[in-house]
Amino acid sequence: MYSRPLRRLSNYFDRCPDTLTTDDLKTYFADLVESHSWSTVKTDRNGLQFFYRFVLERPWQFIDIVKPPSVRRLPDILTTDELTRLLDTCRKPEIRTFILTTYSMGLRLSETLNLTVNDIDSNRMRVHLRQCKGQKDRYVPLPAETLTALRQHWKTHRNPRWLFPQGQNMQAQHKAAKPMNRSLPQKAMRKLVQECRINKVVSLHSLRHSFATHLLEQGLSLRAIQDILGHMRPETTALYTRLTETVELNTHRVINQLVDELKCGD
């Protein structure tokens, strides 16, 4: 990702990037802003900063050349009815369990993929998430419906470590040393959204947003939701809704009630 900006910059001027001046870089970024997304502009800026500081070992003096605006867009949220349609439409039990697990605990895609057998604490009905974003661990409540689905799914492959192992069949999954490839549930989710004719811009990460929003609607406090999602800053959690007074409810009871309302089939 960081080498691409160097190639683009070198092709733009037909010169080595270490020979460019501040004016050259201003010209380059002025054109880049007009022709590419802000995400690309930001990546190019960060890549060039890395190149100057750690490869050329020169002071980075062009920090204010371009500052992409901070844009916060509200994500599309799935309703519980739409989630039920997704689960009922899904014909692959493995993907169905993956979606239910991701939603019902508000997980990031990588967190679901990296779930292991030892992470599940059925006695305390919680899951230990390890080395998450920011290299921090956290515990999240485990709904009873999700525990049942995970047990049924694990019995299909019985991998000694991974709950969602890599492999095209049960034998390969049983022996797999790695978790499922992230592209598999991503593609399946896109296909399900199309089949269900849900006209929203949603992905697997939308399940996490939907989970947080639904908990808030159920009356769970922002502070409790922040802990479940593992947000570093309360402002991140507050983006899901305007700050309002909410009723303090038992976290486990709310989540179990929420997941039970999905009316999951066998």
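Histidine 209 is found in helix α10, where helices (H or I, at least four residues) are DSSP runs numbered from the N terminus. The structure is a predicted model, in which local features need pLDDT of at least 70 and side-chain atom pairs count only at pLDDT 80 or more, while totals for chains, interfaces and linings use all residues. Residues are numbered from 1 along each chain as its sequence is written, and side-chain values use heavy atoms, with hydrogens and water left out. Histidine 209 has a relative accessible area of 17% and is therefore buried, a term that means under 20% relative accessible area, with exposed meaning over 50% and partly exposed in between (1.4 Å probe, protein chains only). Between the C-alpha atoms of histidine 209 and leucine 229, which lie 20 residues apart along the chain, the separation is 9.6 Å.

A search of the whole structure finds eight aromatic pairs; rings of Phe, Tyr and Trp (its six-membered ring) pair if their centres lie within 6.5 Å, and planes under 30 degrees apart count as stacked, over 60 as edge-to-face and the rest as tilted. One of these pairs joins tyrosine 28 and phenylalanine 29 in an edge-to-face arrangement, with 5.3 Å centre to centre and 75° between the planes. Both tyrosine 28 and phenylalanine 29 are buried. Another edge-to-face pair is formed by tyrosine 103 and phenylalanine 211, at 5.8 Å centre to centre and 85° between the planes. This pair links distant parts of the chain, since tyrosine 103 belongs to helix α5 (residues 93-104) and phenylalanine 211 to helix α10 (residues 204-218), 108 residues apart. Tyrosine 103 counts as buried because its relative accessibility is 1%, and phenylalanine 211 counts as buried because its relative accessibility is 1%.

Tyr28 and Phe29 also belong to one aromatic cluster with Tyr12 and Phe13. Helix α1 (residues 3-13) and helix α2 (residues 22-35) pack at an angle of about 105°, with their axes 11 Å apart; axes are lines fitted to C-alpha atoms, for helices over the stretch in contact, and angles run from 0 to 180 degrees between N-to-C directions. The two helices, α1 and α2, are therefore roughly perpendicular, a class that covers 65 to 115 degrees, whereas angles under 35 degrees count as roughly parallel, over 145 as roughly antiparallel and the rest as oblique. In the contact (heavy atoms within 4.5 Å), residues of α1 including Leu9, Tyr12 and Phe13 meet residues of α2 including Leu25, Tyr28 and Leu32.
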